[in-house]
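Have the coordinates open while you read.

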Amino acid sequence: MMPPLYDPARHEPLAAVEWNEGRVRESIAAICGDAESGFEAGRLWPMHPEDDEPGSPPDGVLRGLMVGAAGMVHALDRLGGAGLYDPSLDFAAIAGGLHEAARTSPDEEGAGASLMIGASGILLIAHRLAPSVATADALAAAIAANAKHPANELLYGSSGTLLAARAMYARTGEKRFAELWRASARELLNRQDTDGLWTQDLFDRHDRFIGAAHGFAGNILALKAAPEWLDDAPAMEALAVATARAFAIEDGGLASWHVVPGGYTNGKPPRCQWCHGSAGVVTSLSTLAPGDDGHTALMTAGGELVWTAGPLAGNAGLCHGTAGNGFAFLALFERTGDELWLDRARAFAMHGLDQVNRLRAENGLGW
């Protein structure tokens with residue numbers, strides 16, 4: 001008997017709510033307004049209770065890109081710039097003060113120069129909102145400092161700062177950022193195992209993760225962002241396609257991926273979310289080998305698994321939530337042009353809006 005491809009207890013039934021663009025725009029504006037109302041000049045955005053984990057800073061202030069003030073100002077500024085709401089905060093001023101505050105205050109354990117948690121993400125947003133030579137120099141130094149990080153993954157490791165280097169080259173045209181990218185990529189590829197995975201030295205553990213946040217899929221996403229800078233991009237891509245196939249678990253037109261090869265010894269089913277499992281694998285790897293029908297079929301099977309599992313229970317966000325899983329559908333729409341995937345993304349979006357409202361009512365604040 002085939003073991004389960006996902007854990008139904010982690011998911012909830014999809015709400016039967018039709019796509020409504022007007023409601024979506026109103027909801028985005030409401031979410032942004034709620035986010036701005038939570039800002040405190042001295043404390044930025046106080047940490048939500050659900051984000052309080054081991055290693056969180058004692059002062060309860062998160063400044064990073066993934067869970068913190070840098071991500072907040074980045075998202076709010078982008079949404080305001082798209083005309084989806086009318087901002088009232090000075091995002092450039094907030095972002096400009098984050099790096100020094102993070103440098104002199106307690107920070108999340110191991111954040112260092114990383115993109116998603118540490119200095120690189122903070123500086124990348126500060127430079128976008130208020131470009132300066134000093135900020136670009138500090139970011140270049142942070143990227144260089146993270147090149148040999150032992151995590152070998154996206155959130156803390158060098159693949160995250162690969163994305164920062166690529167973004168800065170596109171923004172400034174400065175060759176130093178291309179060279180920083182190449183140096184980090186060579187180091188990362190030199191550490192790759194022969195089967196295509198990497199070993200992650202993270203949180204005092206050594207694991208070989210497959211997914212997007214901490215493993216193989218996220219590394220490939222970063223490496224694929226600048227194939228023209230790789231010494232042998234076709235070989236990298238071919239190995240990535242073969243690795244995705246080798247570690248897939250397929251059954252009845254569905255495809256899933258364990259957190260680690262073979263699954264954990266506790267026998268729990270694979271996760272189905274952005275950080276670990278099909279949603280992140282599909283989102284990260286869907287642009288590989290565009291003419292390969294076999295890879296298209298595998299990515300499609302992964303998307304079918306995400307749809308079959310349904311929205312994540314009790315979380316509307318990216319890493320462990322409904323929005324993160326919805327990105328897999330958008331990736332498949334981009335790859336195939338089939339509007340079925342756009343319809344499914346919209347269905348998850350509408351469900352996610354209801355989750356946001358439900359969670360705000362339960363917790364008394366936005367998350």
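What follows describes a predicted model, topic by topic.

## Nonpolar core

The largest nonpolar core has 95 residues. Those with the most contacts inside it are F216, I220, L223, W257 and L285. Helix α5 (residues 119-129) supplies the largest share of this core, 7 residues.

Leaving aside neighbours within four places in sequence, F216 is in contact with G196, L197, W198, F209, I210, G211, A240, T243, A244 and L285. One of these partners, L285, is itself among the residues with the most contacts in the core.

## The β3–β4 hairpin

Strands β3 (residues 248-251) and β4 run antiparallel, joined by 4 bridges. A248 has W257 in β4 as its bridge partner. The two strands form a hairpin with 2 residues between them. In that turn, G252 has a positive phi of about 60 degrees.

Which way do the side chains of β4 (residues 254-257) point? L254 and S256 point one way, and A255 and W257 the other. In a regular strand the side chains alternate between the two faces of the sheet. Here, all four of L254, S256, A255 and W257 are buried. W257 also belongs to the list of residues with the most contacts in the largest core.

H295 is found in helix α12 (residues 293-309). Is H295 buried or exposed? Its relative accessible area is 2%, so H295 counts as buried. Not counting residues up to four places away in sequence, H295 touches V241, L285, L288 and R335.

Q273 lies in the loop between β4 and α11 (278-285). Q273 has a relative accessibility of 1%, and therefore counts as buried. Leaving aside neighbours within four places in sequence, the contacts of Q273 are R10, A279, G280, L312, C319, H320 and N325.

## Salt bridges

How many salt bridges does the structure hold? There are 16. One of them joins R358 to E12, with the closest N and O atoms 3.2 Å apart. R358 lies in helix α14 (residues 339-363) and E12 in the segment before α1 (21-37), so the pair ties together parts that are 346 residues apart in sequence. The two ends differ in cover. R358 is partly exposed, with a relative accessible area of 34%, whereas E12 is buried at 14%.

D207 and R205 form another salt bridge, with 3.2 Å between the closest N and O atoms. D207 is buried, with a relative accessible area of 13%. R205 is partly exposed at 43% relative accessibility.

E250 and R245 meet through their side chains in a salt bridge of 2.9 Å, N to O. Both ends are partly exposed: E250 has 40% relative accessibility, and R245 has 36%. Elsewhere, salt bridges that share partners join D137, E174 and R176 into one network.

## The segment before α1

V17 counts as partly exposed because its relative accessibility is 28%, between the cut-offs of 20% for buried and 50% for exposed.

Leaving aside neighbours within four places in sequence, V17 is in contact with R23, M350 and D354. What separates V17 from N363 in sequence and in space? They are 346 residues apart in sequence and 24 Å apart in space, C-alpha to C-alpha.

## A nonpolar surface patch

L318, F327 and L330 form a nonpolar patch on the surface. Together they have about 250 Å² of accessible area.

L330 is found in helix α13 (residues 322-336). At 37% relative accessibility, L330 counts as partly exposed. Patch members need over 30% relative accessible area, so L330 at 37% passes that cut-off.

Methods. Residues are numbered from 1 along each chain as its sequence is written. This is a predicted model: local features need pLDDT of at least 70, side-chain atom pairs count only at pLDDT 80 or more; totals for chains, interfaces and linings use all residues. Side-chain values use heavy atoms; hydrogens and water are left out. Patches are made of residues with over 30% relative accessible area and no salt bridge: like charges are joined within 9 Å, nonpolar side chains (Val, Leu, Ile, Met, Phe, Trp, Tyr) within 5 Å. Accessible areas come from the Shrake-Rupley method with a 1.4 Å probe; for residues, only the protein chains shown count as cover. A salt bridge is a side-chain nitrogen of Lys or Arg within 4 Å of a carboxyl oxygen of Asp or Glu. Buried means under 20% relative accessible area, exposed over 50%, partly exposed in between (1.4 Å probe, protein chains only). A nonpolar core is a set of buried Ala, Val, Leu, Ile, Met, Phe, Trp, Tyr and Cys residues joined through side-chain atoms within 4.5 Å. Contact means heavy atoms within 4.5 Å. Two strands pair if DSSP finds at least two bridges between them.
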